[in-house]
Amino acid sequence: MRTSSRLRRALTTTAAGFAVAALAACGTAAVPDESRTEEEGAKDLPIAIRPAASGLRSVMWVGNNWEGTASIVDAHSLKVLKRGVNLIPDKAEETQRILKSPVATVFYLAINAGPGQGHDQYVDDMFTTMDGKYLAVSRPSFADVVWIDIAKATAGRTDSIVREQQMDGYRTDHMQVSNDGSRLLVSDSTARQVIEYSMVDQTLPDGTRIKVGDRLRTFVSGETPHESNYTEDGSKILHASIGRVYTPLDDLDPADGNLLGLPLGGLGALLGLDKLLAALPWSALDGAVKADRWLQYVDAKTFEILDRWDMGKELAEAGYPGMSSAVRPVAVHPGGRLLYLQVSFLHGYVVFDTEAADLDGRSGYTLGGESEPAKGAVVDVVQLENRVPTMAREAYVNDSAHHGIAISADGRTLCVAGTMDDYAALVDATTGKATYFDARSTGHGYGKPYWSTEGLDETCWVSLSDDDAVAVLSTRTGKELAYLPVGNHPQRVRHGYVPEPVVAGW
């Protein structure tokens, strides 16, 4: 097994730390201790690429959203170990609970008609506990997060749910687990907040005893909280809210020369209202329709908001007017400074430097009481192939031209899910040169890729929601390694663990 770039860096950093400690203690030069094992070094890695500890199997969990099941794939051999693991054994009970509340019923039906594209959303995101005993699952249509006993669920038992927590609002969405695996963040979609839960049984410094599934804290978000990511050192949380992506009227800012999908000049000339149309407060209307779309850094210890940006305004400052403020999935460079952002309707990604000085040198806007940061600037917008140039914006799934971006451990290769374009792409992060994977180049379907994530052994995993499959790409060789049938509408894919004795029973 190849040692990942980040694991090599973790081992090197720790060895250097030993050297400094020895130098301070002895007053003499020290030779770095390179005897630290790979398993010890792996403890410093984010769970997404942290190999399993002894007695556990590294697996990739694939959530089949419309089916309410999970598929389990060996993260090294790429063999599908288990399909059809039931993550909604309480479906009848949950449905009855919802139908007893008129408000909950309205949201339930709206989720089906909107984000669900005519389907209930049963599985959005999943993370295992570090011991591989439980799987936390966010279930949008049920507006909850549950912790499922993996041994029971994979054995087909219906008593697998050990904890359930309802949202304050009416839909759950993305989740994220802290680098040490002890905390879980869940986006409470309709309540403008992110909720933190415990993923461990633990006694806090003040003596408080908490258990797996306990609710701990919240931090504020904008409209429709979406993705969260911990920084590599675990000190901050990068979080984005995407606004009302389910609403129509998706081109209300004429700054790019288009309005409601039509060239502004042509529309204005036709009506004889060029100057009047340009002068109307379209951007304010766009903000009212789509609501607050924020990208923010949150202090992971205190939950204080550290920085908050409006990406549409940052793009305009950089010379790209009329683009959406809604930041979709994000890939964070291993160095932590650069962000590779997908935004609504963009067939490509934005490169954002979080440490660069603000381009116009002034605080030009305020978001929820937070002034525009003095740092942070768009340094590039990379356009990838747009294979649906005549498609109306209202036909984009939840405003997503592309929804899914990951980065290799060495920071050299991006892995992009080209959702509306029916392709995945491996992109050189420096040059923007892309290699495309689609039906023509691979011989099998790449319909609506809806997520990409890094895996072990320098891999990228892409869910192909329209083809009920997952593709595994190598960021080292640039080749497709596997094409795996899973369940109905695979969406999120996450690395996690299962105890070896459980796997042996399959």
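The dialogue below takes up the features of this predicted model in turn.

Q: How many helices and strands does the protein chain have?
A: The model is predicted. Its secondary structure comes to eleven helices and 34 strands.

Q: What share of the residues in the protein chain is buried?
A: A residue counts as buried when its relative accessible area is under 20%. Of the 506 residues in the protein chain, 55% are buried.

Q: What share of the contacts joins residues at least 24 apart?
A: The count takes contacts between residues at least 6 apart in sequence, and 55% of these join residues at least 24 apart.

Q: How many disulfides are there, by the distance rule?
A: The rule asks for two cysteine sulfur atoms within 2.5 Å. By that rule there is one disulfide. C415 and C460 form it, with their sulfur atoms 2.0 Å apart. The pair links distant parts of the chain: C415 is in strand β27 (residues 413-418) and C460 in strand β31 (residues 459-464), 45 residues apart.

Q: Why is the disulfide of C415 and C460 called left-handed?
A: The torsion about its S-S bond is about -80 degrees, so the disulfide is left-handed.

Q: Are C415 and C460 buried or exposed?
A: C415 is buried, at a relative accessible area of 1%. C460 is buried too, at 2%.

Q: How is a pair of aromatic rings described?
A: Two values are used, the distance of the centres and the angle of the planes. In this structure, a search of the whole model finds ten aromatic pairs. One of them is F107 with Y170, which is stacked, at 4.4 Å centre to centre and 5 degrees between the planes. This pair links distant parts of the chain: F107 belongs to helix α4 (residues 102-113), Y170 to the loop between β7 (161-166) and β8 (172-177), and they are 63 residues apart. F107 is partly exposed, with a relative accessible area of 30%. Y170 is also partly exposed, with a value of 30%.

Q: What kind of aromatic pair do W309 and F352 form?
A: Planes over 60 degrees apart count as edge-to-face. W309 and F352 form an edge-to-face pair, with 5.2 Å centre to centre and 75 degrees between the planes. W309 lies in strand β19 (residues 305-309) and F352 in strand β22 (residues 348-357), so the pair ties together parts 43 residues apart in sequence. W309 is buried, with a relative accessible area of 0%. F352 counts as buried as well, at 0% relative accessibility. Ring pairs also link Y297, W309 and F352 into a cluster.

Q: Where does the charged end of R217 sit?
A: The charged end of R217 sits over the ring of F303, 3.7 Å from the ring centre. Another case is R387, which lies over the face of Y436 at 5.3 Å from the ring centre.

Q: How are two packed helices described?
A: The description gives the angle between their axes and the distance between the axes. Take helix α3 (residues 91-99) and α4: their axes come within 6 Å and cross at roughly 120 degrees. That angle makes α3 oblique to α4. At the contact, T95, I98 and L99 in α3 meet A104, T105 and Y108 in α4.

Q: What is the phi of L78?
A: Phi of L78 is near 65 degrees, a positive value in a residue other than glycine. L78 is found in the loop between β2 (69-74) and β3 (80-86). L78 is buried, with a relative accessible area of 14%. E458 also has a positive phi, about 60 degrees, although E458 is not a glycine. E458 is in the loop between β30 (449-455) and β31.

Q: Which residues does S189 touch?
A: Leaving out residues up to four places away in sequence, S189 touches R171, T172, D173, T224 and P225. Its place is in the loop between β9 (183-188) and β10 (193-198). At 3% relative accessibility, S189 counts as buried.

Conventions:
Residues numbered from 1 in each chain as written. Predicted model: local features only at pLDDT ≥ 70, side-chain atom pairs only at ≥ 80, totals over all residues. Heavy atoms only, no water. Helix = DSSP H or I, 4+ residues; strand = E, 2+ residues; numbered from the N terminus. Buried < 20%, exposed > 50% of the residue type's maximum accessible area, 1.4 Å probe, protein only. Phe/Tyr/Trp six-rings, centres within 6.5 Å; stacked < 30°, edge-to-face > 60°. Lys NZ or Arg CZ within 6 Å of the ring centre and 35° of its normal. Axes fitted to C-alpha atoms, helices over the stretch in contact; angles between N-to-C directions. Parallel < 35°, antiparallel > 145°, perpendicular 65-115°, else oblique. Contact = heavy atoms within 4.5 Å.
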